[in-house]
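Please keep the sequence and the model in view while reading.

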Amino acid sequence: MSKLFLNKNIKRRKLKIREKISGTESRPRLTVFRSNKFIYGQLIDDTRGKTIISISSKDFDSKDSKVIDSFNAGKELAKKAIEKGIQSVVFDRNGYIYHGRIQRFAEGSREGGLKF
């Protein structure tokens, strides 16, 4: 499969997901971006168009695997969200398949105290 074909599929899935979900101030959207090295997460209030909290696995000086870093980033994001009084979120996997690093990020967020 070519890279262009994969990107088309991700974009198509992403648009389909974004039609269905939206974040509010009380229940923001947790969106995840995955690069080759790092994973990024943001809590977004779509009604105001503002990012409430953001986190990156770059923030950790870790020699662990990317999967473990994803889990820790999710846990840290949940900790910051709880401090700001956010208990539940809407999960936006951003077109990625719920597997591997995306799944571990979500599990870390749940273990940190967020409800999806």
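## Confidence of the model

The structure is a predicted model. The protein chain has a mean pLDDT of 90, and 95% of its residues reach 70 or more. Confidence is lowest in helix H1 (residues 3-20), where the mean is 78. The highest value, 96, belongs to helix H3 (residues 101-112). Where pLDDT is low, the predicted coordinates should not be read in detail.

## The sheet

Four strands make up an open sheet with mixed pairing, and their order is S3-S2-S1-S4. S3 and strand S4 (90-92) stand at the edges with a single partner strand each, so one side of each has no neighbour in the sheet. On average, neighbouring strands are turned by 20 degrees against each other, direction ignored.

Strands of a sheet pair through backbone hydrogen bonds, either parallel or antiparallel. S1 and S2 run antiparallel and are joined by six bridges. Within this pairing, Thr31 has Gln42 in S2 as its bridge partner. The pairing of S2 with S3 is likewise antiparallel, over six bridges, and here Ile44 stands opposite Thr51 in S3. S2 and S3 form a hairpin with four residues between them. In its turn, Gly49 has a positive phi of about 70 degrees.

Helix H3 lies across S1, S2, S3 and S4, and runs at about 145 degrees to S1.

In soluble globular proteins, nonpolar side chains tend to be buried together. The largest nonpolar core of this model has 18 residues, and those with the most contacts inside it are Leu30, Leu43, Leu77 and Phe105. Strand S1 (29-34), strand S2 (39-45), strand S3 (50-56), helix H2 (66-83) and H3 each supply at least two residues of this core. H2 gives the most, with four residues.

What does Leu30 touch, not counting residues up to four places away in sequence? Its contacts include Leu43, Leu77 and Phe105. Leu30 also touches Gln42, Val89, Val90, Phe91, Asp92, Ser109 and Phe116.

## Aromatic residues

A pair of aromatic rings is described by the distance of the centres and the angle of the planes. Three aromatic pairs are counted in the model. In one of them, the rings of Phe91 and Tyr98 have centres 6.2 Å apart and planes at 85 degrees, so the pair is edge-to-face. Phe91 is buried, with a relative accessible area of 17%, whereas Tyr98 counts as partly exposed at 34%.

Phe91 also forms a stacked pair with Phe116, at 5.1 Å centre to centre and with 25 degrees between the planes. Phe91 lies in strand S4 and Phe116 in the segment after H3, so this pair ties together parts that are 25 residues apart in sequence. Phe116 is partly exposed, with a relative accessible area of 30%. Phe91, Tyr98 and Phe116 form one aromatic cluster.

Leaving aside neighbours within four places in sequence, Ser70 is in contact with Ile39, Arg101, Arg104 and Phe105.

Tyr40 lies in strand S2 and is partly exposed, with a relative accessible area of 25%. Not counting residues up to four places away in sequence, Tyr40 touches Thr31, Val32, Phe33, Ser35, Ile55, Ser56 and Lys58. Tyr40 and Phe116 are 76 residues apart in sequence, and their C-alpha atoms are 18 Å apart in space.

How values were computed: Residues are numbered from 1 along each chain as its sequence is written. This is a predicted model: local features need pLDDT of at least 70, side-chain atom pairs count only at pLDDT 80 or more; totals for chains, interfaces and linings use all residues. Side-chain values use heavy atoms; hydrogens and water are left out. pLDDT is the predictor's confidence in each residue, from 0 to 100. A nonpolar core is a set of buried Ala, Val, Leu, Ile, Met, Phe, Trp, Tyr and Cys residues joined through side-chain atoms within 4.5 Å. Buried means under 20% relative accessible area, exposed over 50%, partly exposed in between (1.4 Å probe, protein chains only). Contact means heavy atoms within 4.5 Å. Two strands pair if DSSP finds at least two bridges between them. Axes are lines fitted to C-alpha atoms, for helices over the stretch in contact, and angles run from 0 to 180 degrees between N-to-C directions. Rings of Phe, Tyr and Trp (its six-membered ring) pair if their centres lie within 6.5 Å; planes under 30 degrees apart count as stacked, over 60 as edge-to-face and the rest as tilted.
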